[in-house]
Amino acid sequence: MSSPQQSFQPLALYNPALLPPHLLLAEFTARRPLLNSLVEIIRHNAPAKPLQHALLVGSRGMGKTTTLWAVAYTVKADPKLSRQWLPVVFDEESRRVGDLADFWLEALRQWEHAANDPGDRAQQLLDKADANIEDAARKAFLDKVDRSSRRALLLIDNLNDLLASIHDPEPLHRLRAFLMDDSRVMVLGTATRYFDQITDLDQPFYDFFRVFDLRPLTLEEMKTSLLALAQARGDKSIPKTLEERAGTIQGLYILTGGNPRLIKTFYRLLTEGLRGDIRTDLERLLDEFTPYFKAVVDALPVQQQRIFDAVALAWDPVEVGSVSRVTRLPSNQVSAQLRALGKAGLISEAASHPKRKTYLLADRFSNIHYLMRHGRAARNRFDWFVALVRLVFPDSQAETLARLARQSAECGAEGRRDAKDLLHSALARAESVESRRQLLHATFRESWDTGTLASLSDWLDLTEAKQHMPEVEIVAFFSQMPRDLRKMLGYKPADARWWCGVASALERREAWSLAAAAYRKAVELDPNFASAWGRLANILALFLSRITEAEELLRKAIEIDPKKSFFRATLGNVLTELGRYAEAEEAFKAAIELTPDSGYAWAWLGALLAEHPNRNPEAERAFRRAVQLDPTDDFSWTCLARVLARDPARISEARPNIVKALQLKPDDGPNQILFNELCGNTSTDWQSVLPNLAAWCAANPKNTETFDFTVDGFLQYARLTKPADALALLQALPDTSPFETLMDAFRAHADREHLNRLAPERQAIVIELLNRFTVRSGA
Amino acid sequence: MKLRIGPPVTGEDFYPRPHLIQTLTRALNGGHVAFLGPRRTGKTSCLKSIVANPPDGYVPLLLNLEKHHSITDWLREMAAATRIALEKPAPKLQWLKETGADFLKRLEKIDFHGLKIELSGSKQPAWRPAADAFLKLLKESDAPLLFLLDEFPAFLNLVVKKTSRDEVEAALNWFRSARHELSESSTRFLVTGSIGLKSVVRRLGLSPTINDFDVREIPPLKEAEALDLLQRLAADNNVPLDERGCRHILQLLGANWPILLQLFVSEIQDEAVTKPPAPSALDRLYRERLVCGSRNKYCDNMFDRLKDIFSESECRLAREILRTLCRAQRPFSREDLESLHARLIPHDAHRSLLADELDYVLDALKHDGYLLQAASGEQRTSFASHILRDYWRRKTA
């Protein structure tokens with residue numbers, strides 16, 4: 001019966017007329033006994049006998065209109081009934097009836113529509129403007145009915161509105177008399193509640209209709225309804241869902257209050273997930289579902305509104321005493337008003353201890369709406385939305401909420417506020433520490449490689465989040481990092497190696513504390529992650545001055561991975577800092593023993609040995625080995641130069657080493673100082689380093705210290721040779737832009753006229769440079 | 001017998017009330033009848049039963065007057081109904097065979113539009129001449145016509161709203177004199193309606209215009225009848241219900257009005273039970289559906305409307321009666337009610353000024369469906385149904 005296409009049919013929550021007849025009837029299960037009763041009544045409404053008319057009473061979403069259509073389709077499909085009756089469904093929202101004449105005109109129009117009659121007789125009567133249009137319209141309508149050899153089954157939504165529109169007793173009596181005496185027309189109407197025209201003893205239609213209450217579905221009926229929906233639409237997952245998620249279904253039942261329209265909406269959520277449009281549907285449903293409720297509440301006397309508000313915000317059943325305390329109204333007044341509100345159908349008594357009555361809002365879904373819209377603290381307004389999501393998606397609530405928060409945060413300032421409130425509510429309502437952490441991880445994962453993470457602090461309370469997940473700070477730091485980097489790293493907080501990668505990235509940005517925290521996270525996840533222990537110790541030792549702790553961590557790393565020389569070498573450094581030189585030497589030697597080719601181990605051993613002048617030769621050997629193994633490490637070159645320079649006779653031997661060090665790391669301050677000491681007066685040494693320095697300055701224009709050193713270097717070179725040579729050296733650079741002014745100074749030195757060609761501000765600097773050059777050179 | 005809630009019932013759906021019909025017939029033989037009772041108690045159904053099985057020698061004409069708002073329309077309908085009945089090709093009464101044709105001819109000549117007759121200086125309504133002509137015709141031809149005028153009080157109200165009290169007074173006066181003139185003839189009138197005739201005319205100050213009617217009130221079913229009705233409804237509508245359940249229903253309702261019995265069976269039907277409900281289940285249905293559920297608004301309305309239909313003093317008396325009666329161990333006698341009135345108005349002289357207040361209030365409460373007075377014995381007064389009684393207990397607790 002069902003086909004794949006049927007799963008794409010609209011659920012037609014608000015307009016059952018959109019559903020194809022076979023689908024509407026296939027899904028019409030929960031109220032099937034009612035449908036059968038109504039059809040039996042129609043069947044037994046014989047001609048020439050007073051007819052039984054009927055009325056369906058139920059609040060919004062209970063299935064009144066759907067039932068009317070179900071009756072219409074059933075009658076049309078029944079061979080015998082369809083010969084006797086033509087179902088005529090009035091437009092649900094028709095506002096055309098103002099009096100009894102309008103009613104007959106409308107009946108005429110709707111009959112023509114139902115019978116595919118192009119007549120438009122109603123318009124003809126209106127054009128004629130007959131003084132007795134009511135009689136004319138009724139006669140025209142009955143003419144058509146008679147000619148069809150059938151009788152009219154008028155299916156009228158909101159019958160209470162129609163009767164209220166007519167309102168005058170005289171035409172109402174006429175209508176009643178007609179319906180009592182004439183068996184050609186049967187009325188099956190709907191209303192959202194019992195109304196005066198049928199309950200008031202003095203009204204013509206008092207007890208005129210057989211009334212069927214459309215009560216909320218029971219839990220079993222709800223399950224049957226969901227199964228029928230699923231079967232009709234070919235959804236195979238629902239039966240399994242109903243079996244596996246009994247708790248969810250029970251919770252859904254409580255929240256929906258057995259309302260068929262809400263049940264259908266949740267069916268859609270179960271099968272399609274919470275996409276943006278579904279969220280909109282849910283919010284729309286909440287909005288649309290309670291306008292009458294809102295109008296009713298707004299019309300209440302002030303005191304009742306206050307009491308209503310107190311009960312609604314409590315959500316759970318409350319006693320009179322609680323309401324009295326909150327509202328500061330006397331208990332007897334509260335009791336009286338609660339009774340009045342109960343009479344109005346807004347509040348009901350909860351099943352509780354017989355001697356201590358408790359009260360709650362009668363319509364539970366409206367209670368959710370009220371809390372969402374009127375919660376005292378703005379942050380409460382998402383509490384119930386969160387509760388709904390948790391209920392419908394217990395297995396993926398964190399991901400769902402995170403996605404909603406991210407989507408919201410992408411919608412501007414208001415959206416970010418909503419996202420913040422939503423996440424706050426979700427965190428507050430989480431059942432455990434673990435679920436809070438899951439939510440936060442889901443939130444970060446959801447927005448990790450999106451632009452939204454950049455505004456994280458706007459839509460997530462980081463202080464609150466940190467209470468639940470200390471590593472929030474690290475993630476928040478990444479919100480300032482390039483998106484590409486985040487994309488490359490991915491978000492894998494359960495992976496220790498991922499935290500290592502994060503820590504490396506943080507190290508490169510010299511965020512030492514955060515990097516340490518990231519390494520700590522890595523070892524928390526994997527206590528045997530030796531590398532993480534070692535690197536953590538390295539940061540603690542080198543950048544955070546926590547030497548003692550670093551030693552402990554390094555020994556742990558060595559314990560885990562005894563063969564890794566890096567840990568022993570780093571331990572040597574730490575022991576050196578602690579003044580335990582003999583142990584440090586042993587550590588370095590042990591590292592070298594493990595990895596004879598470890599350049600840094602040799603370098604640090606050399607550094608240790610260099611501390612003791614009587615061990616210079618050993619230090620020299622260590623450094624030479626280090627530079628041999630790793631020619632790119634400027635530290636070793638510098639240390640070698642320093643050791644050699646201790647012997648004045650070996651300064652010339654030291655100089656190439658510091659030149660090499662400075663070439664490798666132009667911006668290193670100690671390198672610059674040592675170079676000045678050893679090579680400052682050697683033009684060839686300057687000639688060797690100045691191109692590297694200049695290139696570095698061009699690539700790092702913000703570093704003024706190295707730039708100044710470079711400028712001084714060119715000036716010194718000019719002094720040692722001549723300005724023209726310095727100029728020639730500058731001109732040979734691929735990028736001279738940082739040194740244009742310096743070049744001007746050398747030109748001006750040769751040609752004073754050159755000064756006059758310069759702009760005044762450049763002139764001033766050139767003059768300053770010339771002065772520096774002159775003073776130093778004594779020229 | 002199908003469940004029918006709201007419309008008048010006919011044929012197999014009508015529970016026969018031979019004794020009641022016989023009472024009405026006997027009363028009609030002696031004069032004109034006002035057939036009174038609360039709304040939805042089956043008066044129209046009884047009239048339809050009379051039409052289906054007319055008393056010997058009568059041509060019954062059932063007219064629903066609520067669709068009219070003028071005396072002319074009423075008269076016109078009486079004439080039209082007469083014409084239709086006489087023109088029917090059915091076996092006719094002897095009278096009809098003999099004088100029917102002549103009657104029709106004379107009837108055609110009466111102008112019910114009332115426009116042609118003009119009497120200068122006369123305050124006579126325009127319809128009067130036609131009415132008198134019609135009356136004369138009826139009297140002279142001794143037509144055995146039984147006019148069953150349904151919704152007569154509602155019609156009077158509509159006429160008041162549409163025209164004036166004077167118009168109603170004129171019509172009722174004419175109608176009274178017509179009844180008087182026809183008292184020795186074969187024509188008879190029976191009036192009934194879904195709102196109280198006495199309260200309508202009393203409000204208009206026209207009580208004397210109806211005091212010649214032989215008043216007959218529709219009683220509830222006897223217990224045996226009620227049980228039988230319940231069992232038949234259950235059987236014919238596939239509702240599981242045993243005798244114990246039926247008796248329990250009667251005990252709960254406290255009044256054997258057919259509509260209440262129909263309502264209860266329909267609630268059981270809606271439950272879709274597969275076996276006869278136990279008394280506890282019936283208790284729950286009674287409580288949740290009838291007292292607190294669907295009937296609750298009706299009860300609220302009944303409570304609120306007292307101040308609309310009564311003066312302040314009458315309303316106070318009515319509320320006191322209902323408040324006390326709902327807690328009484330047994331129905332009230334006349335003495336009980338007079339004592340209650342005396343408690344409210346202790347001063348004898350003051351109370352005598354309001355001589356008919358108690359009677360009027362009781363009458364109104366009966367015809368509005370609050371109270372029921374037993375037809376025999378001490379004619380004690382009780383609540384017309386336990387639904388209202390139990391509602392009052394809760395309301396005035």
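Predicted model: local features only at pLDDT ≥ 70, side-chain atom pairs only at ≥ 80, totals over all residues.
Chain A has 779 residues, of which 53% count as buried. Its secondary structure comprises 45 helices and eight strands. Contacts between residues at least 6 apart in sequence were examined by separation; in chain A, 63% of them join residues at least 24 apart.

Chain B exposes about 17500 Å². Carbon and sulfur atoms supply 50% of that area.

The largest nonpolar core holds 130 residues. Those with the most contacts inside it are Phe444(A), Phe478(A), Leu506(A), Phe675(A), Phe714(A), Leu742(A) and Phe746(A). With neighbours within four places in sequence left aside, Phe478(A) contacts Trp448(A), Leu453(A), Leu485(A), Arg486(A), Leu489(A), Val502(A), Ala505(A) and Leu506(A). Another core, of 83 residues, lies apart from the largest one. Its members include Leu201(A), Leu260(B), Phe310(B) and Leu317(B).

Leu317(B) also takes part in a helix–helix contact. Helix H14 of chain B (residues 312–325) packs against helix H17 of chain B (residues 357–367) at an angle of about 60 degrees. The two axes are 10 Å apart. The crossing of H14(B) and H17(B) is right-handed. On the H14(B) side, the contact is made by Ser313(B), Glu314(B), Leu317(B), Ala318(B), Ile321(B) and Leu322(B). On the H17(B) side, Glu357(B), Leu358(B), Tyr360(B), Val361(B), Leu362(B) and Leu365(B) contribute. By class, these are nine nonpolar, one polar and two charged residues. The spacing of such positions can be read against helix geometry. An α-helix has 3.6 residues a turn, so residues three or four places apart point the same way.

Helix H18 of chain B (residues 386–395) is largely enclosed by the rest of the structure, because seven of its 10 residues are buried. The buried residues are His386(B), Ile387(B), Leu388(B), Arg389(B), Asp390(B), Tyr391(B) and Trp392(B).

Pro60(B) is found in strand S2 of chain B (residues 59–64). Its relative accessible area is 16%, so Pro60(B) counts as buried under the 20% cut-off. Not counting residues up to four places away in sequence, Pro60(B) touches Ile50(B), Val51(B), Pro54(B), Leu146(B) and Leu148(B). Pro60(B) and Phe147(B) are 87 residues apart in sequence, yet their C-alpha atoms are 6.2 Å apart in space.

Backbone phi values were also examined. Most residues other than glycine have a negative phi. His167(A) is not a glycine, but its phi is positive, at about 40 degrees. This residue is in the loop between helix H8 (159–166) and helix H9 (169–181) of chain A. His167(A) is exposed, with a relative accessible area of 55%. Gln379(B) likewise has a positive phi, near 55 degrees. It is found in the loop between strand S6 (371–373) and strand S7 (381–383) of chain B. Gln379(B) is partly exposed, with a relative accessible area of 37%.

How values were computed: Residues numbered from 1 in each chain as written. Chains lettered and ligands numbered in written order. Heavy atoms only, no water. Core = buried A, V, L, I, M, F, W, Y, C linked by side-chain atoms within 4.5 Å. Buried < 20%, exposed > 50% of the residue type's maximum accessible area, 1.4 Å probe, protein only. Contact = heavy atoms within 4.5 Å. Axes fitted to C-alpha atoms, helices over the stretch in contact; angles between N-to-C directions. Helix = DSSP H or I, 4+ residues; strand = E, 2+ residues; numbered from the N terminus. Left-handed = near helix turned anticlockwise from the far one by under 90°. Nonpolar A, V, L, I, M, F, W, Y, C, P; charged D, E, K, R; others polar. Areas by Shrake-Rupley, 256 points an atom, 1.4 Å probe, with all protein chains shown as cover.
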